[in-house]
Amino acid sequence: MLVVAGPSSEQLAREVASLLGWGLVGIEHKLFPDGESYLRFTKRIEGEEVALVQSITPPQDRSLLQLLFLLRTARELGARKVWAIVPYLAYARQDERYREGEVVSGKLLIDMLNELELDALVTFDVHNPELLKGVKARTIDLSAMPLIAEYFSKLLRNPFVLAPDQEAPERAEVVASILGCEWSWLIKSRDKITGEIETKPQKKFDASGKEVLIVDDIISTGGTVMAAAKIARELGAREVHAACTHPILAGDALRRLREAGIKRVVGTNSIPSQVSEISLAPEICKVLREL
Ligand code: R5P
């Protein structure tokens, strides 16, 4: 059994291979001067069961194309089984045609994966897990929420967990149940054209003196977390922390979050970043041992 290190997740793949004691296959990769990707498997994989680790990290379009190329090539090179380990499944937020004429990229991505005869697809906290129902292969959507709870259990004494929108309550509930604390959630609406958000509590809650931990699947611009943090403070929070599975942190999001007084921002290595303090490797290994 072999772990293949896709260019976007080399470090994570290395960690997984070393924890499992499996062979690691590197991918030689470079960008041609015109911007196209060159990719090459550096070891033979014929007859092998392979787990390709390639998260769809920014720049998402490039990582996605590399993922598709590598999965197809693994089959062409004779791999007996191909498991796709894609910690961040980008495009999962575009799961419907919200405005007339829009491309429903989430569904098209699934169609493309279905062309590749995968044996399994392993993801983490897919924005809309319903999307995965369209995948023909076995799908396993893991959650980083227990890892996030474990990380913060050593840091917070009087926590309160907050979901920043109506799509995250289940995630907040998992974290709160592990931390043994109260939790609540907010309602967020987003202007479909400008992207501007408006957030309000779904019911009044008291965060007086609490260390509020905002948990979400993705932090991209940080706008969602900043809006939630403002409400948490208005309701008495002593400190605000934020954690997510996929720290995209677009542009200067991290600086803005820090300037907004978020004491600690933490994410996983689904997307390598300055705040990727939690490794998904042990969870990936658990699943691979069972596949
Ligand atoms: C969408 O609802 C997601 O769960 C996140 O809340 C969202 O993607 C975060 O984006 P941003 O950081 O740009 O507000």
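Trainee: How do the residues of the lining of the largest pocket divide into nonpolar, polar and charged?

Mentor: They divide into 11 nonpolar, 12 polar and 15 charged. Here Ala, Val, Leu, Ile, Met, Phe, Trp, Tyr, Cys and Pro count as nonpolar, Asp, Glu, Lys and Arg as charged, and the others, Gly among them, as polar. Please note that this is a predicted model, in which local features need pLDDT of at least 70 and side-chain atom pairs count only at pLDDT 80 or more, whereas totals for chains, interfaces and linings use all residues. Residues are numbered from 1 along each chain as its sequence is written, and side-chain values use heavy atoms, with hydrogens and water left out.

Trainee: What makes a space a pocket, and what makes it a cavity?

Mentor: Both are found on a 1 Å grid over the protein atoms alone. A cavity is a set of points where a 1.4 Å probe fits but cannot get out, while a pocket is an open set with protein on both sides within 12 Å along at least five of seven lines; lining residues have an atom within 4 Å of a point. The largest pocket holds about 1200 Å³ of space, where a volume is the space filled by probe spheres set on the points, and grid points are joined across faces, edges and corners. Its lining comprises 38 residues, with R93, H127, E167, K188 and R190 nearest the centre.

Trainee: Which element gives the largest share of that lining?

Mentor: β11 does, with four residues. Strands such as this are DSSP runs (E, at least two residues), as helices are (H or I, at least four), numbered from the N terminus.

Trainee: Where does the ligand sit?

Mentor: The ligand takes the space of the largest pocket. A molecule sits in a pocket or cavity if more than half of its atoms lie within 2 Å of its grid points.

Trainee: Which residues around the ligand come nearest?

Mentor: Of the 15 residues around the ligand, these are R93, D216, D217, T221 and T224. A residue is near a molecule if one of its heavy atoms lies within 4 Å of it. The shell divides into two nonpolar, six polar and seven charged residues, and β11 supplies its largest share, four residues.

Trainee: How many cavities of 30 Å³ or more does the structure hold?

Mentor: It holds one. The largest cavity has a volume of about 50 Å³, and its lining of 13 residues has Y88, L89, A92, H127 and I218 nearest the centre. That lining divides into eight nonpolar, two polar and three charged residues.

Trainee: Which peptide bond is cis?

Mentor: The bond from P58 to P59 is cis, with omega near -5°. P59 is in the loop between β4 (49-53) and α2.
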